[in-house]
Amino acid sequence: MKPERLSHARRKELTRERLYVAARTMFLEKGFAATSVGDICETAGYTRGAFYSNFTSKQDLLTELLRRDADEAQANLRAILEGTTPEQATARAIAHFARSYRDLECFPLWVEAYLLARRDSAFQERLHALRRARLLQVSAYIRTHLKESDNALPLRADALALGLVSLCDGMQLFSLCYPQSAADQLIQTVLEEFASSALYRQPMEKSTADA
C-alpha cells in the first residue's frame, strides 16, 4: 500500500513542528544566545531555507515557543479550576501556585527572553504582550471562580494576579539559581501562605479618615 501523500499545508506544518522541537531542545541545552539558526536546522534535519520560509528570525521562533508554554500553563490552570465550587477553586488555586515554582523546564527561556527584551524593543513588545495576556487570564480566573466565595478578596483581581505571578516567577528564579538549595519546602510554604492570605484574607475595614 502506497504511503499517503501529504498536502503542502501538512508538510509545512510538520516542518514547523520539527523546527519547534529542535529549537526548544537546543535553547534549553545551549541557551538562546549560543544556539544558531544552523544548529536548529541541523538538529531538525532541514536547510536554512526551510527555517526562513517558516520564521523570520530566532526571536520569532522563541516568541512562539514562549506562547506555547504560556498556553499550556493556562490550560493546566483552567483544567484545575473548571467545574469547582468557589471554595474548591480557592483551595486548588492555592495548591497550584504553591507547586508552580517546580515547573522549571521552560523557565530559563523566559529569563533569557527578558534579558533579550532589554536590548530589543520589537521583541520587548511581543514579550510584554505575552505577560499581559498571562496576567489577564489569571485575573479572569480569580474573578470568575472566586467572586462568589464567602471570603471577600482583599485586593482587586488584577492586583492579586500580579502579586501571585510575580512571586511565583521570583521563586522559580531562586530555584534556578540555587538548584541544590535545601529550601524546597520553605519555598512551597512561602507560596502557599502568600496565596492563602491573598485569596482568603478578609479586606481591612476602612478607617474613619477614609470613610
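Reader: What is the volume of the second largest pocket?
Author: Welcome! This is a predicted model, in which local features need pLDDT of at least 70, side-chain atom pairs count only at pLDDT 80 or more, and totals for chains, interfaces and linings use all residues. A pocket is an open set of points on a 1 Å grid over the protein atoms alone, where a 1.4 Å probe fits and protein lies on both sides within 12 Å along at least five of seven lines. With volume taken as the space filled by probe spheres set on the points, joined across faces, edges and corners, the second largest pocket comes to about 150 Å³.

Reader: Which elements give two or more residues to the lining of the second largest pocket?
Author: Residues are numbered from 1 along each chain as its sequence is written, and side-chain values use heavy atoms, leaving out hydrogens and water. Lining residues (those with an atom within 4 Å of a point) are here E17, Y20, V21, R24, L65, R68, D69, E72 and C106. Two helices give two or more of these residues: α1 (8–30) and α4.

Reader: How many charged residues are in the lining of the second largest pocket?
Author: The classes are nonpolar (Ala, Val, Leu, Ile, Met, Phe, Trp, Tyr, Cys and Pro), charged (Asp, Glu, Lys and Arg) and polar (the others, Gly among them). In the second largest pocket, four lining residues are nonpolar and none is polar. The charged ones number five.

Reader: Which residues lie closest to the centre of the largest pocket?
Author: The largest pocket holds about 650 Å³ of space. Its lining is made up of 26 residues. The ones closest to the centre are D69, A73, D103, R134 and Q172.

Reader: Which element gives the most to the lining of the largest pocket?
Author: About 650 Å³ of space lies in this pocket, and two or more lining residues come from each of α4 (58–81), α5 (86–99), α6 (107–117), α7 (121–146) and α8 (157–177). By class, the lining has 12 nonpolar, five polar and nine charged residues. With seven residues, the biggest giver is α4.

Reader: How many helices does the protein chain have?
Author: Helices (DSSP runs of H or I, at least four residues) and strands (E, at least two) are numbered from the N terminus. Along the sequence the pattern reads α-α-α-α-α-α-α-α-α. The chain has zero strands, and its helices number nine.

Reader: What share of the residues of the protein chain counts as buried?
Author: Buried means under 20% relative accessible area, exposed over 50%, and partly exposed in between, with a 1.4 Å probe and protein chains only. The chain has 211 residues, and the buried share is 37%.

Reader: Is C41 buried or exposed?
Author: C41 sits in helix α2 (residues 37–44). Its C-alpha atom is 8.6 Å from that of A23, 18 residues apart along the chain. Contact means heavy atoms within 4.5 Å, and, not counting residues up to four places away in sequence, C41 touches Y46, T47, R48 and F51. Because its relative accessibility is 3%, C41 counts as buried.

Reader: Which residues is H96 in contact with, leaving aside its neighbours within four places in sequence?
Author: H96 belongs to helix α5. Its relative accessible area is 15%, so H96 is buried. Beyond its sequence neighbours within four places, H96 is in contact with L77 and I80.

Reader: What is the relative accessible area of L155?
Author: L155 is found in the loop between α7 and α8. L155 and L199 are 44 residues apart along the chain, with their C-alpha atoms separated by 8.9 Å. L155 counts as partly exposed because its relative accessible area is 48%.
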